[in-house]
Amino acid sequence: MATYGAGGEGYSGLNGMVSETEHKIMTDLPAELLEYILCFPVLKHVDICNVSCSCKRLHDVCHGRGKVWGHQYKLRWPRLQKHYRQNECCDWLKEYRTRHTVGLQIRRTVVSISKRFFTEVPCVGQVLGDSFAEIESLGAPEHFCEDELLSILNSDRRKSLTLKYYAKKILYFLRQQNILRSLKMFLEQPAEQQSALEGAVLVDQYCNPLADVSLDGISSQLEEITDKVKKMLRMKNSSHPSLRVTQGDCCAVEDFELERQVVVALNAVLYEQLQYKGNECDYYNPLNSYIHQVLLRRTGIPISLSVLYMTLARKLGVQLEPVNFPNHFLLRWCQHQRGSGDIYDFVYIDAFGKGKQLTAKECEYLIGHQVTADYYSAISTTEVLLRMVGNLLNIGKRGEGNEKSYQLLRDSLDLYLTINPDNVQYLLLQARLYFHLGIWPEKVLDILQHIQALDPSQHGAVGYLVQHTLEHIQHKKHPVEPEVKRRSAPEHVEVQYSVGLIMKHKRSGYNCVIYGWDPKCTMSQEWITTMRVHQLSSGANQPFYNVLVQDGTCRYAAQENLEPHSAPLEIAHPEVGRYFSEFHDSHYVANEELQTRYPEDMAETLGTVRDLYHRLTPSSGQASGQQESPKGPGVSSQDQKSQENQEAMPM
């Protein structure tokens, strides 16, 4: 009989003779059992490192390609499992080290960004081009970089706001670069192999890089609709050839009557059963152009509904062609011999109008005037995408000049110029947009040089932009030190509120958070007149505050129009992370950069919070009073400690 332990004393056997204990230790166990023990969830990678250093036997059990390190890798980074085949054999210890090192590098880069790119103009959406180059220069596997950025974004919702703000921007950019590469490969395919659905999905992905949108996911949803149409078709004609088409295959129904049956069934399912419709009430909402949103909300505009309708019809054997009709995208369905050039040989389908079938003459009634026969011609997939992106461009130009509309304009310009890189009109618009936003001046010069080569007649506009862009580059080389505003200064004695306080506008009723202030209104006389500041009791001669508003806008509000919020709440503004590192129950904690601008405001904010929100419990009040300033750019003491622990981990 064997015993496992450290003792070496004998015991008395049944025959009365003293027998020596058979001394066994843990390392005598079979390797499979040791691996099982070392894969217990309570053991972390530090424990495995320590165990493997204890003796050769355990070092061999914890070898890089074994189960132990494979388990540690999968336990710590579960999102990465999709990048490996099931039961794939690889050096898990090497993968673990690489992923761990990449994580540290990414965090250091993201933490450093705030100090370099902090600005007081939040609505223009500063682009972090230089930092993206740093991420790419790491040479790390892209999925490791993305996984670390997602880890940052999925951490505590109220903390590390500055870190999350820049991590989100970097992830946005990295995914967009991948999608652009996919779009360029798509455009290089022969025209007959290009799918309008795939192109529309790429447009959707580029404008929504943080959303879970994939061609497989969209195709799966369309297959479900196709099955519903087949079920409807089977009730009318159980021997219809479209019913024999399996998932992923295509067929061509040649008989006109059989085609008509498909179209009737498709209309019944899409518009009657599933209640798809054109969005007449909110036509210029960009969501109408994104395929995943059209499927989710079951509403869209003519072109997005036409892409869905055409794709579904082709899955069922009916070949429809896209028609770039002015102001109202259509599909055409040949009623006679294929290849006919006569516009009267086609029926035109209005997917926006519940699949209504129109003659060529009736199409003109849609837009209220006559058009030439060219407008009834079928167009290529590339032209479909240009029209789709053109719609988004127009929506961006109609925007209110906020972060969201600028982002849409930038994204749609990127897409349009990827598809049609020599469009002078949009190249000039892109250069003007970047110049207006004050971003990528070197890229602006490249764009202007390209415009000049394409169209020398644009030398006037090009020359103006070149001159001012060069001035901007010179200005960047000699940045002006930001103004530091101290509350104790005599000229600031009338400033009542401080950065980080949650406020309510007395007149408009909106909720907001203060991220800056001036002792007097600093806007132009034109703005003061337009906003009727003179009608205020103190006019422009009172403190004004820069505030981030709940609706996503940034405003400049007079002190007499603001009051502390009776029940402070988080402000869902996309730029909150640029200025604040944490939401602390009743106020926002300014990050290091904002505290540098307003060095005395944090103490004032904490005092105001204690005085106003006395119903806080003593423990929470004490926590507010002891709030420490962040240890790094936008990083709270807890985040700093977490980072130090990460760096100290023995590998």
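This is a predicted model: local features need pLDDT of at least 70, side-chain atom pairs count only at pLDDT 80 or more; totals for chains, interfaces and linings use all residues.

Modeller: Residues are numbered from 1 along each chain as its sequence is written, and side-chain values use heavy atoms, with hydrogens and water left out.

Colleague: Is Ile349 buried or exposed?

Modeller: Ile349 sits in strand S9, residues 346-350 (strands are DSSP E runs of at least two residues, helices H or I runs of at least four, numbered from the N terminus). Buried means under 20% relative accessible area, exposed over 50% and partly exposed in between, with a 1.4 Å probe and protein chains only. Since its relative accessibility is 0%, Ile349 counts as buried.

Colleague: How far apart are the C-alpha atoms of Ile349 and Arg332?

Modeller: Leaving aside neighbours within four places in sequence, Ile349 has contacts (heavy atoms within 4.5 Å) that include Leu331 and Trp333. Arg332 is 17 residues from Ile349 along the chain, and their C-alpha atoms are separated by 5.9 Å.

Colleague: Which side chain joins that of Arg487 in a polar contact of 3.4 Å?

Modeller: Arg487 lies in the loop between helix H19 and strand S11, and is buried because its relative accessibility is 14%. A polar contact is a pair of N or O atoms within 3.5 Å; within protein, one must be able to donate a hydrogen and the other to accept it, and residues adjacent in sequence count only if both atoms are side-chain atoms. A polar atom of the Arg487 side chain lies 3.0 Å from the backbone oxygen of Val495. The side chain at 3.4 Å belongs to Asp601.

Colleague: How many residues apart in sequence are the parts tied together by Arg486 and Glu600?

Modeller: The side chains of Arg486 and Glu600 meet in a salt bridge at 3.9 Å, N to O (a side-chain nitrogen of Lys or Arg within 4 Å of a carboxyl oxygen of Asp or Glu). Arg486 is in the loop between H19 and S11 and Glu600 in the loop between helix H22 and helix H23, so the parts are apart in sequence by 114 residues.

Colleague: With which residue does Glu148 form a salt bridge?

Modeller: Glu148 is buried because its relative accessible area is 3%. The closest N and O atoms of the bridge are 2.6 Å apart, and the partner of Glu148 is Arg107.
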